[in-house]
Amino acid sequence: MRLARFIGLGLSSLLVLSACSNDEKEEKEVVEEETTTTAENEEVTEEVKINDETLQKVVDKSNEVDSYHTSLAVDAELDEEVEETMNLEVDYVDGNPPEIALKSSDVLRTISKDGRTYFNNDEEWVEITDSIDEGSLFRVTYQKLVNTLMTVKDELEKEEVDGNYVYKFKGQNQNIYHAIEKLLHMNLGEVDVSNHDIELEFVVDEEYFIRSMIFNIAIQDEEGTVNLKGESTFDSFNEIDGIEVPEEIK
């Protein structure tokens, strides 16, 4: 059955949402993989030479970002049948560890503050600090988005639209596909992703903040099609002082 070879997006954000049902070994493996990939991503902006003045300002400005609100919506469709949908909203305060409030489909699911992490299982808040790593709570952070843009910048066309800087691509490109795959921690199992069409767009505002990343990926292999659509948005830069812990946790 074709569905058997389609594992799904495997977004690291889902790790928290399924933390109570995954066994400890699986969680440990995901956390170890996340740690390695995070280290790789954090080095990108230091290694890449930037010849675009706007993008250089995006990198410089990212060092001033201490907090923000972000949303992530992703739809995965297999042979025209929707198989997985994700809608997340996150308030993020940078730190070591960061403070995070994560909503899934408008329900507050995860709180991480002062090194303690709690999960809402619809009946009660359960502490999952010992079974989760803060770095894997939410993967599509602003800094990782900046690093992704720097990774694919040479493949993108730039234009100015309504005071914004828009970087876009349309076509086939393995570098761009793998950059998106890495950012979202996608896992499409045995699907052959070599034949794909990508539409990708980054919108940078006049203050040199990335406001959104929109992508549309259509994959065709011998057994059918896979379509991935997603949008990640960012706002409220440096406007969030701290994450509030629900009374049920206190």
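Mentor: Buried means under 20% relative accessible area. This is a predicted model, and 49% of the 250 residues of the chain count as buried.

Trainee: Why is Asp 122 called exposed?

Mentor: Exposed means over 50% relative accessible area. Asp 122 has 58%, so Asp 122 is exposed. Asp 122 lies in the loop between strand 5 (116–120) and strand 6 (125–127).

Trainee: Why is Ser 236 called partly exposed?

Mentor: Buried needs under 20%, exposed needs over 50%, and partly exposed is in between. Ser 236 has 24% relative accessibility, so Ser 236 counts as partly exposed. Look for Ser 236 in the segment after strand 11 (224–235).

Trainee: What makes the phi of Asp 122 worth a note?

Mentor: Most residues other than glycine have a negative phi. Phi of Asp 122 is near 80 degrees, a positive value. Ser 236 is also a residue other than glycine with a positive phi, near 55 degrees.

Trainee: What kind of peptide bond joins Asn 96 and Pro 97?

Mentor: A cis bond, with omega about 5 degrees. Most peptide bonds are trans. Pro 97 lies in the loop between strand 2 (81–93) and strand 3 (99–104).

Trainee: How many helices and strands are there in the chain?

Mentor: Six helices and eleven strands.

Trainee: What share of the contacts between residues at least 6 apart in sequence join residues at least 24 apart?

Mentor: The share is 62%. A contact here means heavy atoms within 4.5 Å.

Note on methods: Residues are numbered from 1 along each chain as its sequence is written. This is a predicted model: local features need pLDDT of at least 70, side-chain atom pairs count only at pLDDT 80 or more; totals for chains, interfaces and linings use all residues. Side-chain values use heavy atoms; hydrogens and water are left out. Helices (H or I, at least four residues) and strands (E, at least two) are DSSP runs, numbered from the N terminus. Buried means under 20% relative accessible area, exposed over 50%, partly exposed in between (1.4 Å probe, protein chains only).
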